[in-house]
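Good morning, and thank you for coming. I would ask you to keep the picture in view while I speak, and to find each residue as I name it.

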Amino acid sequence: MRHLYVHVPFCRRRCVYCDFSIAVRSPVPSELFVKTVCTERDARAAQEPWESAQLETLYLGGGTPSLLAPRSLALLVERLAPGRGEGAEITLEANPDDVSSESAAAWVAAGVNRVSLGAQSFEPRVLEWMHRTHAADASGRAVEVLRAAGVESVSLDLIFALPEALERDFEAELERALELEPDHLSVYGLTTEPGTAWGRWVAGGSSRPAPDERYAEEFLRTHELLTAAGFDHYEISNYARPGRRSRHNGVYWQGRPYVGLGPSAHSYVAGERSWNVSAWAAYERAVGEVGVALAGSERLSEAQRSLEGLYLGLRTAEGVPAAELDALATRVVEGARGAGWLEVAAGRARLTPPGWLRIDEIVTA
């Protein structure tokens, strides 16, 4: 068990674009959550062929993991990562309004050395539209507090390609993010998921997604600005300063084994993918009754693993061995190269930034 993800589902409210497994709770049942997750960990470790090596990465995602009581979060890290190596990466996703001198100090004392801050925007009206709970200036203050507390790596999340009605200046937002001097940036395009408030607005005709042209323009402008500022665009949505890539997320893109705990969490162990029940109440009940909360599993065929590996590899700046392109039709490969979307050199195949915008049509054609 070298790489571990924990899904903490609790939130103050649901954002308009969110289709993750969340549970709006006040107060947050921190102690019960830690007890339940540790029970699941113990039960699964007794059943599955997990490695006994020291943990290399622990990622607390959500939801809003920063809503956990500091004492409970510290206990969770202690229980899940007692044998972690000195260089283990321990990431906590946090909302800006959860960051205080006291909470940041407690997180660092617990072993957290990387914080992914859900800024999303610096514009008050945009944050209000998103149903975010923090003020526009909260992200800047949070970065300062995290630095002062000794967090080694600070990442910011931003969302682009918002509806044109918001008249948002995304380039100005990127410049504001750069002023905060983060170590890492994750920049995601707004997607329309049917179970979200945003998805319902679009389906009902009251809102319209950004046109494809503006989506592409903002994506490519982000690439230009951030790489010019010294960031490595190492995966479609991720940028890092040298040495600050997310090691945990790299595990997914490289197809390496990982274990997921908590509601809706996915695992990939011994060639089998599995996932937990989604709702917090159902998860807590199942673990209490039988120790685990698995909802399903699948073992991919060789062809499926090959195609998935190609897709994940082409999401990254390293690309894939050129020989793996044999899984694609010749016309697709030649068409992508001719359009400037795909480059092959020194035995590696890599998508260009315009090619990243078309990865689905390239790999699934």
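This is a predicted model: local features need pLDDT of at least 70, side-chain atom pairs count only at pLDDT 80 or more; totals for chains, interfaces and linings use all residues.

Ala161 is buried, with a relative accessible area of 3%. Please locate this residue in the loop between β7 and α6.

His131 is not a glycine, yet its phi is positive, at about 70°. You will find His131 in the loop between α4, residues 124-130, and α5, residues 138-149. Is His131 buried, partly exposed or exposed? With a relative accessible area of 34%, His131 is partly exposed.

Let us remain with the backbone and turn to peptide bonds. Between Ser26 and Pro27 the peptide bond is cis, with omega near 0°. Pro27 has its place in the loop between β3 and α1, the helix of residues 30-47. The peptide bond from Gly62 to Gly63 is cis as well, with omega near 20°. Gly63 belongs to the loop between β4 (57-62) and α2 (70-80).

I now move to the side chains. How many salt bridges does a search of the whole structure find? The search gives 23. I shall discuss some of them.

The loop we began with, between β7 and α6, also holds Glu164. This residue forms a salt bridge with Arg214, and the closest N and O atoms are 3.7 Å apart. Arg214 sits in helix α8, residues 212-228, so the pair links distant parts of the chain, 50 residues apart. The two partners can be described by their accessibility: Glu164, at 48%, counts as partly exposed, while Arg214, at 17%, is buried. Arg214 is called buried because the limit for that word is under 20% relative accessible area.

Next, consider Asp98 and Arg12, whose side chains meet in a salt bridge of 2.7 Å, N to O. Why does this pair tie together separate parts of the chain? Asp98 lies in the loop between β5 (89-94) and α3 (101-110), and Arg12 in the loop between β2 (10-11) and β3 (23-24), so the parts joined are 86 residues apart in sequence. Asp98 counts as buried at 10% relative accessibility, whereas Arg12 is partly exposed at 43%.

A further pair is Glu308 and Arg273, with their closest N and O atoms 2.7 Å apart. Glu308 is partly exposed, with a relative accessible area of 31%, and Arg273 counts as buried at 13%. Salt bridges can also join into a network, as Arg2, Glu56 and Arg256 do here.

Finally, let us look at a sheet. Three strands form an open, antiparallel sheet in the order β15-β17-β16. Which strands lie at its edges? They are β15 (320-321) and β16 (342-345), each of which pairs on one side only. Strand β17, residues 348-351, runs antiparallel to β15, and two bridges join them. To see this pairing in the picture, find Pro321, which stands opposite Arg348 in β17.

That concludes my presentation, and I thank you for your attention.

Conventions
Residues are numbered from 1 along each chain as its sequence is written. Side-chain values use heavy atoms; hydrogens and water are left out. Two strands pair if DSSP finds at least two bridges between them. Helices (H or I, at least four residues) and strands (E, at least two) are DSSP runs, numbered from the N terminus. A salt bridge is a side-chain nitrogen of Lys or Arg within 4 Å of a carboxyl oxygen of Asp or Glu. Buried means under 20% relative accessible area, exposed over 50%, partly exposed in between (1.4 Å probe, protein chains only).
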